[in-house]
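Subject: Structure for you to look at

Hello,

Here is the structure I promised you. Please open it and keep it on screen while you read my notes.

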Amino acid sequence: MSTVSRDGHHSGRLTINEDARRMIDVAREEGIETVWDRLQAQQPQCGYCSLGVSCRNCSMGPCRIDPFGAGPQKGVCGADADVIVARNLGRTIAAGSSSHSDHGRDILEVFLATAKGETTGYRIADEAKLLRLAAEFGIPSDGRSVSDVASDLADRLFEDFGSRKEHLSFVERAPAKRREVWEKLGIVPRGIDRENVEMLHRTHMGVDNDYVNILLHGLRTGLSDGWGGSMIATELSDIMFGTPSPRMSEVNLGVLRSDQVNVAMHGHNPLLSDVIVSAAQDPELLELARSYGATGINVVGLCCTGNELQMRRGVPIAGNHLMQELVMMTGALEAMVVDYQCIMPSVTDVAKCYHTQIISTADKAKFPGATHVSFDPHRGAEIGKQIVRMAVEAYPNRNPDRVRIPVKPVQMMAGFSVEAILGALGGTPKPLVDAIAGGAIRGAVAVVGCSNPKVPQDYGHVELTRQLIEHDVLVIVTGCAAVANGKAGQMLPESARMAGPGLRGVCEALGIPPVLHMGSCVDNSRVLVLAGALASYLGVDIDQLPLAGAAPEWYSEKAVAIGAYVVASGVKTVLGVQPPIFGSPHVVDLLANGLEGVTGATFAIEPDPAKASLLIRRHIEAKRKALGLPYEEVEEMAPAVEAVGTGA
Ligand code: NFS
Ligand code: SF4
């Protein structure tokens, strides 16, 4: 079904999905610009920036280092390639870590306001989890009101953002051996804001001029995200919106309904999306929709706020990151409601070609061309209805002749919180540990992160995951990687058939898919908690476990922060897209080799999913061998696989 455009840019090479292909073809026919067009227009991208050797941290610059050695080897201040690459990477980690943590703080503020009864549209949905956290923090709950306990918990978590603490509260969840590693290195995360601000300080001209020292603080900054901001976001979201449990849902553009008002929730924070889902069930608004000839109001997700809704409410998800422009080309989207992160500025341009309303809601994230409705949680329920009403009122503007919903949705299962996974195992990690020890499951890999137009959409996620499960490696997914695997039909209990015999047997016995959806990107904190629990159960450190992480199609600064905390937590991580570090062989060597003796885990870069799968399986088998478990030799060479070209 794909066509070749005037520039010879073949839609079939940009994505592995039929829905995206069809919509890219529509964009070409109608002359609507997409992310892939803009990537092509940017070619060739700056070589200095790609290698990480450009710096504009001060106005003596901008400076760049000649990677071929012929030109300047130092910036005006004297910084060499090592310092410039490390500073740039440090700032990237701080930006990503700050994004997750600011999202976490937004939730914390609303959590406290809800505890005090000052919000509408929110409640404490999971009291049992609130009480578990209170106990973890030593907050008394006997004979006290939910409101008082929640307020005390909020106060304690606010302290985690400040400068008074020696370590973040959730650091105590890490296995004792891991905490010793961090202490020895001096990278125990203290305050969340502190680590991030300190990184900005250190990377100012003339502060930290030692690339190793900068990168160590990069790990600490990342840890303040994973065991701090992101973990706070996840835990409080569970308390306010419910801890996820397994549920069926649907995915791809087929989740849009030609006969209903379609509202896409795009962004990250469940604070917004959850009240919209509730407002869409309001009888008065449903009646209004019917008066315009629609049979209902259909809320769907995009990106990570979509993951949040799918995990907790089973709300269908229209797609991942690269679908945000294409979803409008169905001609069936009345409103895209956004908060923040991963929302391309281009969405308002595409919306101009359709009847779609872009509604921005976060005062810190405005979009020229969008309608801004300032979201105030104190009036959450009311604003939720106001926004849904705007969507309903856009329905009469829809042109039925332009509606083309290209495919039927695919079924998928979501909802695997740590609580749900332990629940499925009968309340203890023992069955999983036994399955790994016996060899039925070789190990577990978290495949996470974004979509990036430099990779054919979803190819990296789907192919790597498929090859891992075929070899009895359990795969955990979050973020856009989860959506990709859902679309590919790899996340159903029946998908156990796609797994190797060992993993298949375990999945069939438990009735779970071989690929478990653990949530949004902040929910990678769930992966840390699970890994920590497994290590503590076995009395070992996380880096001894047969685990790995992979981000085959990452694009965002947040993904770099995640990579930093995953490696700092002792889990080897394979990236599918090259980070801008290759201008410093020293930095590359430290991240790819040197960290082994420091955190017990390194980064690797491998764009080919077949080779990445082999690399990961070799790593897992080596960890098994070191633990004295039965292990296998994994072939050194990649098997002949049909290579898919990169879209760019
Ligand atoms: Ni994560 Fe989610 Fe997707 Fe990447 Fe963006 S939506 S927070 S950053 S692109 S996975
Ligand atoms: Fe150039 Fe140094 Fe200023 Fe960076 S900090 S722009 S390398 S002078």
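This is a predicted model: local features need pLDDT of at least 70, side-chain atom pairs count only at pLDDT 80 or more; totals for chains, interfaces and linings use all residues.

**Ligand 1**

Start with ligand 1. It has 13 residues around it. H268, C304, C342, C480 and C521 come nearest. By class, the shell around ligand 1 holds seven nonpolar residues, five polar ones and one charged one. Two helices each supply at least two residues of this shell: α12 (303-313) and α18 (479-487).

Now look at the nickel atom of ligand 1. Which protein residue gives it a donor? The answer is C521, through its SG atom, 2.2 Å away. That is the single donor from the protein. To find C521, go to the loop between β13 (515-519) and α20 (524-538).

**Ligand 2**

Next, ligand 2. Its shell also has a residue count of 13. The closest are C55, C58, C63, C77 and R87. Here the classes are eight nonpolar, three polar and two charged residues.

**L256**

Then find L256. It is in the loop between β3 (247-251) and β4 (261-266). Is L256 buried or exposed? L256 is buried, because its relative accessible area is 3%, and the cut-off for buried is under 20%. Leave aside its neighbours within four places in sequence. L256 then touches N262, N298, V300, V327, T330, L333 and I405. Also compare L256 with R404. The two are 148 residues apart along the chain. Their C-alpha atoms are separated by 9.9 Å.

**Cysteines**

Last, the cysteines. A disulfide is a covalent bond between the sulfur atoms of two cysteines. How many disulfides does the whole structure have? A search finds zero.

Take C353 as an example. A disulfide needs the sulfur atoms within 2.5 Å. C353 is partly exposed, with a relative accessible area of 31%. C342, by contrast, counts as buried, at 17% relative accessibility. C342 is also one of the residues that come nearest to ligand 1.

Best wishes

How values were computed
Residues are numbered from 1 along each chain as its sequence is written. Chains are lettered from A and ligands numbered from 1 in the order in which they are written. Side-chain values use heavy atoms; hydrogens and water are left out. Donors are N, O and S atoms within 2.8 Å of the metal (3.2 Å for Na, K and Ca); water is not among the atoms, so sites may look incomplete. Helices (H or I, at least four residues) and strands (E, at least two) are DSSP runs, numbered from the N terminus. Buried means under 20% relative accessible area, exposed over 50%, partly exposed in between (1.4 Å probe, protein chains only). Contact means heavy atoms within 4.5 Å. A residue is near a molecule or strand if one of its heavy atoms lies within 4 Å of it. Ala, Val, Leu, Ile, Met, Phe, Trp, Tyr, Cys and Pro count as nonpolar, Asp, Glu, Lys and Arg as charged, and the others, Gly among them, as polar.
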